[in-house]
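Please look over the structure shown here together with its sequence. A short report on selected features comes after it.

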Amino acid sequence: MNEAEDYRIEHDSMGEVRVPAHAKWRAQTQRAVENFPVSGQRLERAHIEALARIKAAAAKVNAELGVIEKDRAEAIESAAEEVAGGRWDEHFPVDVFQTGSGTSSNMNTNEVIATLATERLPEGREVHPNDHVNASQSSNDVFPSSIHIAATGAVTRDLIPALDHLAAALERKSAEFATVVKSGRTHLMDATPVTLGQEFGGYAAQIRYGVERLRAALPRLAELPLGGTAVGTGINTPAGFSAAVIAEVARATGLPLTEARDHFEAQGARDALVETSGQLRTVAVSLTKIANDLRWMSSGPRTGLAEINLPDLQPGSSIMPGKVNPVIPEAVLMVAAQVTGNDTTVAVAGAAGNFELNVMLPVMAKNLLESVRLLANASRLLADRTVDGITANVERAREYAESSPSVVTPLNKYIGYEEAAKVAKKSLAERKTIREVVLASGYVERGDLTVEQLDEALDVLRMTRP
Ligand SMILES: O=C(O)C[C@H](O)C(=O)O
């Protein structure tokens, strides 16, 4: 710490440490602050809350099981509630890139709560960070449990509602654009017609499936290793502790948390975090496809596709007057890139478990929780600031659909694929419509099809509902 700063002396099992006078944390946190000045990034708010919820529940159950005294337990519970509520976040200074088990953050939580709890008790009645706040626990079960709690909360309360919101916005546009016919594109080349409504319906389904994917991962994400303590065996934990603490945290948070079915899987591996991150990556991939389609369809206004208009949100250029850019889809694309990168980090970290513990836990937490937050915010912005305000350039979209050489496709059944290909090429070479070429090429006279059949076959809206 800074020499000029006011300090007090704290102790831990390694000796004395100078701690800033104002700090609620103690010696082990201070050592971690000095050992890990790496990124300047701290635990996410939801993560601190989850740690504190575990400490409150553990204190209650420890008192019920006779592990700690009632007055200390009540003081810990009350202090932990305040920490959970966010009042003491600035007293969580430890960098994310720290000890791989999260011991420094677990001890940071123990120390802050011990200080706050001691302040609530009569003079001389101390609360010890290890003996009381951490009683019946280890970082190895508490810290991963806190990640699972925070992630379950963030996925169910932030991300899934945000994705539902985006899907609903896309579904409204799908209905609004049900009869707006446009050229389909495959390989970025003109294909047979679709409606804009069909495209938006597809986007909505992508997002709905993303929600299904996340819900499918939730039962495993919500399984907690709590009670396994150091290596999954539950050493130093009284019988019944694990189930009772998890039930208490589930009650306090309203989340569907359960005890790990296998405490050795739950302690040695973090596969459920990897799985959830993979589902987040799929959502990011869906958003990338949607954002890119919106950018292409709104490109122009003169020299691009210009089939749709996105709402004008801000001047796009510092030098080109009047230019407006698709800024929200661009932000969404960057979020998706970040989430994809975060997923790689989570996967690499997830693969790094050895024997009874994974020691890349804080970085998994940071990346997973950041991905959830970014995706939730980006989905809401995309819905509210872009999708809701999209309008269609109906005429232009129809013009493209009608001029696509691929509208010749329904003629296959009358004149065969090879003749139809000749018609398509001729229409392009001679800059004529398919209809004009068919009429000029004698197919009607030869009895291959009637003019009525030709008009019906070339009806672009009909082609979208064969
Ligand atoms: O901090 C703990 O409770 C355990 C630590 O992570 C360890 O296994 O060395």
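Predicted model: local features only at pLDDT ≥ 70, side-chain atom pairs only at ≥ 80, totals over all residues.

Residues are numbered from 1 along each chain as its sequence is written, and side-chain values use heavy atoms, with hydrogens and water left out.

**Ligand site**

Ser101, Thr103, Ser138, Ser139 and Asn140 surround the ligand; a residue is near a molecule if one of its heavy atoms lies within 4 Å of it. By class, this shell has no nonpolar, 5 polar and no charged residues. Here Ala, Val, Leu, Ile, Met, Phe, Trp, Tyr, Cys and Pro count as nonpolar, Asp, Glu, Lys and Arg as charged, and the others, Gly among them, as polar.

| Side chain (N or O atom) | Distance to a ligand oxygen atom |
|---|---|
| Ser101 | 3.2 Å |
| Ser138 | 2.7 Å |
| Asn140 | 2.6 Å |

On its own the ligand has 270 Å² of accessible area, and the protein covers 55% of that. Accessible areas come from the Shrake-Rupley method with a 1.4 Å probe; for residues, only the protein chains shown count as cover.

**Nonpolar cores**

A nonpolar core is a set of buried Ala, Val, Leu, Ile, Met, Phe, Trp, Tyr and Cys residues joined through side-chain atoms within 4.5 Å. Buried means under 20% relative accessible area, exposed over 50%, and partly exposed in between (1.4 Å probe, protein chains only). The largest core has 108 residues, of which Val83, Leu170, Phe200, Leu257, Leu294 and Leu375 touch the most other members. Helix H6 (residues 139-176) supplies the largest share of this core, 16 residues. Helices (H or I, at least four residues) and strands (E, at least two) are DSSP runs, numbered from the N terminus. Beyond its neighbours within four places in sequence, Leu170 is in contact (heavy atoms within 4.5 Å) with Phe200, Tyr203, Ala204, Ile207, Ile290 and Val387. Another core, of 20 residues, lies apart from the largest one and includes Val408, Ala424, Leu454 and Ala457.

**Buried residues**

Ser183 sits in strand S3 (residues 181-186) and is buried, with a relative accessible area of 2%. A polar atom of the Ser183 side chain lies 3.5 Å from the backbone oxygen of Ala191. Thr195, in strand S4 (residues 189-195), is buried at 3% relative accessibility. Ala378 belongs to helix H12 (residues 361-385) and is buried at 6%.

**Backbone geometry**

Gly300 and Pro301 are joined by a cis peptide bond, with omega about 10°. Pro301 lies in the loop between helix H10 (271-297) and strand S7 (308-309).

Leu188, in the loop between S3 and S4, has a positive phi near 65° and is exposed at 71% relative accessibility. Arg431 has a positive phi near 50° and lies in the loop between helix H15 (417-429) and helix H16 (434-440). Arg431 is exposed, with a relative accessible area of 80%.

Terms used. Polar contact = N/O pair within 3.5 Å; in protein donor to acceptor, adjacent residues only side chain to side chain.
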